[in-house]
Amino acid sequence: MTGSTNIIESAKLVIAILVPLFGAVAVMLTGEKRANLRETCSVVAAVLMFSIIASMVPDVLAGHTLHFGMFKIVPGVSVTLRADAFSMIFALAASFLWILAAFYSMGYMRGLHEHAQTRFNACFALSLFGAMGVAFSDNLFTLYLFYEIVSVCTYPLVAHHQDQEGYDGARKYIVYLTTTAKAFLLPAMVLIYVLTGTLDFATNISTGIFPPQTNAFLVTILYAFCILGFAKNGVMPFHHWLPGAMVAPTPVSALLHAVAVVKVGVFSTTRVMLYVFGVDTMNALNLGIPTAYFVSFTILMASVIALSKTNLKARLAYSTVSQLSYIILGVAMLTPASINGGLIHIANHAFSKITLFFCAGAIYVATHKKDISEMGGLGRTMPFTFAAFAIASLSMIGAPPVAGFVTKWYLLVGSMQAHQVGLLLVLLASTLLNVGYFAPVTYNAFFGKRPAGEKYEGIKEAPLSMVIPIMIAATISIIIGIYPDFMMQFVKAVTG
Amino acid sequence: MDFLVMNEGFPLLSALIFLPLFGALVTMFLPSEQAARLWSLLITSITAILSIPLYTGFNVATAQYQFGEHHAWIPLWNINYTLGVDGISLLLILLTTFIMPFCVLASWRYIATRVKSFMVCMMVMECAMIGVFAALDFVLFYILWEAMLIPMYLIIGIWGGPRKVYASIKFFIYTLAGSVMLLVAIIALYLASAPHTFSIPALMGGHYSSTFQILVFLAFFLAFAIKVPMFPFHTWLPAAHVEAPTAGSVILASVLLKMGTYGFLRFCLPITPLATVTLTPYILWLSVVGILYGGFTALAQKDMKKLIAYSSVGHMGFVTLGIFALNSAGIEGSLLQMINHGVTTGALFLCVGMIYERNHSRELANATGIGKQMPIFVTFLAFFSLSSLAFPGTNSFVGEFLILAGAFKRNLIITACAVPGAILAAAYMLRMLQKVIWGGIDNPKQTLLDLNVREIVTLAPFLLFVFWIGLGPEPFLSVMHSSVAHLLEQVGTVQASAVAGLLP
């Protein structure tokens with residue numbers, strides 16, 4: 001099925017990415033004085049975008065590829081959109097979660113009386129515009145274009161508080177992301193163009209786009225550049241921007257730095273691995289397993305760092321760094337099962353991690369607490385929030401019946417198929433580390449002692465506009481754990 | 001005259017050259033300053049509109065010079081008045097004619113004294129610039145080339161900032177030093193040709209000895225490298241830019257710098273191909289040094305005009321890198337990048353001028369955190385800055401992409417060394433943008449008014465071209481193909497040795 005030849009020209013694609021763009025404009029036009037109308041614009045844009053993307057599902061599942069050409073730059077380089085099964089994994093998850101995040105951020109921003117909410121909402125929508133553009137890119141240039149749009153549009157969100165900490169975090173953010181893109185991605189893209197005469201992605205995951213006689217050394221270098229160039233994937237050593245970005249308001253950390261932005265990174269990385277280089281080339285040049293070990297370092301190291309963090313958001317950030325590399329690990333092992341595991345984790349991690357960040361934000365709005373040690377016994381006061389946290393933690397750990405288990409299952413099968421005991425051990429060690437840093441949070445909240453002198457007086461659950469999205473996201477984590485087929489059918493359409 | 005497609009009917013090129021000159025003469029007799037402003041705007045606008053038929057009537061299928069005009073001038077020395085445009089000069093002429101009305105608009109309030117004289121200088125400048133790009137006779141070219149010096153000298157020297165005398169004299173001396181070598185090269189070529197001729201196309205493909213070619217090339221090179229400016233001949237540029245009034249900076253950045261790279265393409269490559277191929281590696285390295293030096297220096301600037309001036313050194317380094325890649329991707333990318341730099345850097349100087357008109361400072365520190373007060377302005381500034389750092393989807397990206405593709409084909413290592421220049425461009429531009437829009441936690445307290453309609457009208461067309469070239473460059477590239485292919489034939493392409501084995 002991978003070589004699907006049924007290409008449908010569809011303007012739906014361009015409408016889908018223009019909806020958030022126009023949403024952002026509408027948000028700017030309504031402004032601070034008409035806050036309700038402004039938030040309505042956000043929510044309408046989110047719902048509309050998800051509906052359009054959902055309407056593509058039948059065509060894609062039928063084996064078609066949606067396609068839409070926008071601009072021709074030079075021969076072989078164009079701005080062209082494509083929706084195939086691979087795009088849908090990311091697009092569906094991110095666009096659905098935008099709806100939840102739109103409601104959630106309403107509660108969060110108003111609950112904390114944040115400033116510049118118009119700018120915040122507009123940039124939020126613009127970031128989604130970039131993320132959807134990445135999801136629907138048909139070639140490396142389009143991908144790069146939207147990738148950079150995401151970098152620029154998220155800067156104001158990270159710097160949102162406009163204090164020294166905000167500016168420092170935002171500077172680190174933009175320096176890491178643009179430097180890696182310019183240093184690695186740009187030359188890699190130009191050289192790929194010089195070598196192949198095109199930047200279009202292949203239509204299947206095996207062949208790649210390089211002519212057979214291409215210099216192997218050069219291809220290897222380009223491959224390394226592509227892995228390092230997409231620094232949004234959080235692979236060490238270029239991961240520092242992510243913890244730095246945690247100065248942003250929590251809805252940003254939740255949707256962008258657990259779902260949209262970081263998934264743009266791993267999505268781009270895996271898209272390029274599979275559709276520019278291709279499984280055959282990666283096998284021939286033996287690129288897969290070294291990559292797997294390379295990202296294994298990130299998986300373990302980030303988990304160890306997460307253990308040492310007592311700030312809840314910082315711990316979640318390092319957990320994200322670790323979990324993102326699961327996705328690349330899965331694809332890099334190059335067996336069908338492992339690729340399945342890697343790709344499904346794009347969706348699984350999205351739903352579970354956004355739940356965790358939502359919880360962290362809800363706790364902050366309700367109690368103004370950021371540190372895990374201050375949350376002893378808080379579970380009895382905020383049972384829904386911490387129950388959701390517990391569910392999502394299980395998903396991160398990879399315990400049944402939550403989403404993360406599906407990932408772990410496929411990754412373990414994949415590592416055995418690839419005969420890589422080392423990688424198997426990495427996965428097991430990572431599971432234990434995840435238990436190590438997630439279990440105490442939940443345990444402490446429900447069974448721990450309250451901090452001395454802390455009565456939690458007047459503290460109750462966060463507003464409903466926050467709790468409901470939390471419960472929905474947590475429920476979906478369970479549903480896709482028990483019934484993974486809906487998302488799996490896209491993944492299986494990719495691997496064939 | 002087989003290289004020239006003669007113009008039938010209305011002498012378009014002559015009209016473009018002499019209309020501004022006529023406008024300048026009339027300006028001297030105008031009653032008021034406001035009349036001089038309006039009149040200059042009218043003349044430059046008519047010139048711009050008049051130049052559109054150059055594009056619409058241009059035949060993309062031929063490498064010949066079109067809209068040709070030929071009249072004997074000084075028959076004794078075989079000096080002629082020969083004009084013509086090809087795919088290399090066409091866009092540069094259009095850039096010139098289209099930039100000028102905006103320069104007039106940008107001087108509307110900025111120039112408060114001796115307005116008439118200023119407008120005269122501007123229009124004489126326009127006449128000379130169009131003439132330089134259209135001239136096909138070396139003497140005509142040289143006269144117009146020198147003619148550009150005087151109005152620019154006056155623009156900086158009279159209407160410039162505090163160190164205007166220093167800057168204008170430095171500008172004059174540098175450029176004149178280059179011009180003298182240019183004159184020597186022209187005379188040498190005249191004497192070496194048989195029969196003696198000053199016709200530029202006739203001198204191309206003359207088979208001169210390699211020593212002669214190298215000497216002529218070096219003479220050309222000095223003249224043009226100063227004009228580009230290439231490292232290490234660039235030091236006049238920041239001084240001139242900083243002191244010049246906004247319109248002067250825009251003309252300098254958008255058009256005058258292109259004279260140098262145009263010279264490389266028009267003279268060095270086709271007239272001295274052997275020398276070009278021999279000296280290419282050195283020039284490529286010099287370009288890379290310029291790219292990196294310009295980038296690092298721009299990063300350290302506190303003065304916004306200086307920052308953009310040094311960024312020009314870096315950007316023009318990319319242009320020369322592409323030209324001396326000696327393949328079609330590189331040269332077409334360079335030509336496009338010349339236009340892009342004209343559009344983007346011109347617009348950036350306009351932006352800085354707009355801040356200067358409000359707070360009378362070019363210091364970055366005095367312009368921090370104005371995003372909230374001037375949202376329209378910073379939106380423009382953001383797009384132009386992104387364009388300057390070659391953000392995908394904007395004009396400079398297409399140029400830089402083609403240049404890098406061409407340069408990678410020529411030499412992998414040298415080009416790899418130029419890549420950090422792209423990072424530096426992002427660094428200094430984003431640094432400026434961050435400071436202007438956001439600043440820090442202790443921004444200066446000031447209230448600045450956002451752009452008025454005249455200023456928006458001045459900037460908007462630039463933005464249009466930023467995206468037009470960025471997303472649909474075909475109309476701009478298509479006019480180049482034939483001429484660039486012909487040029488490469490003339491160079492005789494002694495290609496593809498350095499990277500054989502690595503790249504196809």
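How many of the residues of helix 10 of chain B are buried? I looked this up first.

**Entry 1: conventions**

I noted that this is a predicted model, in which local features need pLDDT of at least 70, side-chain atom pairs count only at pLDDT 80 or more, and totals for chains, interfaces and linings use all residues. Residues are numbered from 1 along each chain as its sequence is written, while chains are lettered from A and ligands numbered from 1 in the order in which they are written.

**Entry 2: helix 10 of chain B**

I found that 26 of the 26 residues of helix 10 of chain B are buried, and I recorded the helix as mostly covered. A residue is buried if 20 or more other C-beta atoms lie within 10 Å of its own, exposed if 12 or fewer, and partly exposed in between, with C-beta atoms placed from the backbone. Helices (H or I, at least four residues) and strands (E, at least two) are DSSP runs, numbered from the N terminus.

Helix 10 of chain B covers residues 246-271 and reaches 36 Å from its first C-alpha to its last, close to the 38 Å expected at 1.5 Å a residue. The expected span is 1.5 Å times one less than the number of residues. I also noted a bend of about 40 degrees at Leu252(B); the bend is the angle between axes fitted to the seven residues ending there and the seven starting there.

**Entry 3: helix 8 of chain A**

I then compared ends and expectation for helix 8 of chain A. Its 14 residues should span 20 Å at 1.5 Å a residue, and the end C-alpha atoms are 19 Å apart, which agrees. I listed its buried residues as Val219(A), Leu222(A), Tyr223(A), Phe225(A), Cys226(A), Ile227(A) and Gly229(A). Their cover includes helix 7, helix 10 (250-284) and helix 11 (288-308) of chain A.

**Entry 4: the side of chain B that touches chain A**

I read that 27 residues of chain B are in contact with 28 residues of chain A; contact requires C-beta atoms, placed from the backbone, within 7 Å. On the chain B side, helix 15 (395-410), helix 16 (412-437) and helix 18 (474-478) each supply at least two residues. Helix 15 of chain B gives the most, with 7 residues. I recorded the make-up of this side as 22 nonpolar, 3 polar and 2 charged residues. Here Ala, Val, Leu, Ile, Met, Phe, Trp, Tyr, Cys and Pro count as nonpolar, Asp, Glu, Lys and Arg as charged, and the others, Gly among them, as polar.

**Entry 5: the largest nonpolar core**

Which residues have the most contacts inside the largest nonpolar core? I found Ile89(A), Ala93(A), Ala94(A), Leu97(A), Met189(A), Ile354(A) and Phe220(B), in a core of 397 residues. A nonpolar core is a set of buried Ala, Val, Leu, Ile, Met, Phe, Trp, Tyr and Cys residues joined through C-beta atoms within 7 Å. Helix 4 (residues 85-111) of chain A gives the most to this core, with 21 residues. Leaving aside residues up to four places away in sequence, I saw that Ala93(A) touches Val259(A), Ile346(A), Ala347(A), Ala350(A) and Phe351(A).

**Entry 6: a hairpin in chain A**

I followed strand 2 (residues 65-74) of chain A, which pairs with strand 3 of chain A in the antiparallel sense over 7 bridges; pairing needs at least two bridges found by DSSP. Gly69(A) stands opposite Thr80(A) in strand 3. The two strands form a hairpin with 2 residues between them, and Gly76(A) in the turn has a positive phi of about 90 degrees. Strand 3 (residues 77-83) of chain A has 6 of its 7 residues buried, so it is largely enclosed by the rest of the structure.

**Entry 7: backbone angles in loops**

I noted a cis peptide bond between Met236(A) and Pro237(A), with omega about 10 degrees. Pro237(A) sits in the loop between helix 8 (216-229) and helix 9 (241-244) of chain A. Another cis peptide bond joins Pro400(A) and Pro401(A), with omega about 5 degrees.

Is Leu326(B), a residue in a loop, buried or exposed? I found Leu326(B) buried, because 26 other C-beta atoms lie within 10 Å. Its phi is near 55 degrees, a positive value in a residue other than glycine. Gln162(A) also has a positive phi, of about 55 degrees, although it is not a glycine; Gln162(A) is partly exposed, with 18 other C-beta atoms within 10 Å.

Methods. Two residues are in contact if their C-beta atoms, placed from the backbone, lie within 7 Å.
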